[in-house]
Amino acid sequence: MSAPIRVLIADDEPLARDRVRELLADEPDMTVIGECRDGAEAIAAIRAERPDLVLLDVQMPEPDGFGVLRALAGEYQPAVIFITAHRDFAVQAFEANALDYLLKPFDRERFQQSLARVRERRRTGATELDAELLERLESLSLRLPAASEPYVKRLVAKVGWRMRFLRVEDIDYLEAEGNYVSVHQGKQSYLTRETMNALEEKLDPKDFVRAHRSLIVRLDRIEEVEPLGPGEMVLTLRDGTKLTSGRSYRARLQRALDLPS
């Protein structure tokens, strides 16, 4: 009887890791040897444990899933199944390869199809990540739009296993919340994994202003501004929400709101 397939799970979402581990529990020839929360942990675990299979989230804290494979180029390469909530990748590009791509939320049947590919890969001894696929991965990126490209019209937030698309014109403000950013729309708020700096670059400065290191506000939602101490301001939005700006952002706010110095 052959040894079990040793599996490493790499995903920054605890619920996603739980789901994958639950599905693997029904596969007698698979054994989970570890879990990783970010790209750095995944690289270290792959080098130390040499798993047969890595279930790898595409978008994780640095580096992302593609970055993990680039960091391991020329080293030991396990079989990889990409897992992501983003539809912005050429899914068909993976269909002819032993590696696979799972789009969240996926069901048990789709998951088992991926594992069947891994078993066939093991049976034939094809365990290396081929150069052609690495080139393809390089062309599939999650880079932010360049300055010459149009600003985004919507953001993506996770709601459980679902993805919700948030229209930029409906956003009131964005606020840092730990490793996430909370996007506020009226009485609702949604979490996105983007950083404040990344979001600031994606949003049109004619519509949004950075008012604090942890706050971005839509300009047309600001109804009243009140000075508060040296350099700070209280911003009252149309729905009555009050937000406090940071001292170092006073000049930026004055320019954006056309206020006197």
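**Close-up views of a predicted model**

View 1. Asp12 counts as buried because its relative accessibility is 14%; buried means under 20% relative accessible area, exposed over 50%, and partly exposed in between (1.4 Å probe, protein chains only). The model is predicted: local features need pLDDT of at least 70, side-chain atom pairs count only at pLDDT 80 or more, and totals for chains, interfaces and linings use all residues. Residues are numbered from 1 along each chain as its sequence is written, and side-chain values use heavy atoms, with hydrogens and water left out. Asp12 lies in the loop between β1 (5-10) and α1 (14-24); helices (H or I, at least four residues) and strands (E, at least two) are DSSP runs, numbered from the N terminus. Leaving aside residues up to four places away in sequence, Asp12 touches Arg17, Arg37, Asp57, Gln59, Met60, Pro61 and Arg193, a contact being heavy atoms within 4.5 Å. The side chains of Asp12 and Arg193 are joined by a polar contact of 2.5 Å. A polar contact is a pair of N or O atoms within 3.5 Å; within protein, one must be able to donate a hydrogen and the other to accept it, and residues adjacent in sequence count only if both atoms are side-chain atoms.

View 2. Strands β6 (residues 154-159) and β7 (residues 162-167) run antiparallel and are joined by six bridges; two strands pair if DSSP finds at least two bridges between them. Arg154 stands opposite Arg167 in β7. Two residues separate β6 from β7 in the hairpin, and Gly160 in the turn has a positive phi of about 65°.

**View 3. Arg50 in a loop.** Most residues other than glycine have a negative phi. Arg50, not a glycine, has a positive phi of about 50°. Arg50 sits in the loop between α2 (39-49) and β3 (53-57). With a relative accessible area of 46%, Arg50 is partly exposed.

**View 4. Asp258 after α7.** Asp258 is found in the segment that follows α7 (250-257). Asp258 is not a glycine, yet has a positive phi of about 55°. Its relative accessible area of 70% makes Asp258 exposed.

**Setting of the views: the protein chain.** The protein chain has seven helices and 15 strands. Of its 261 residues, 43% are buried. Among contacts with a separation of 6 or more, 52% are between residues 24 or more positions apart.
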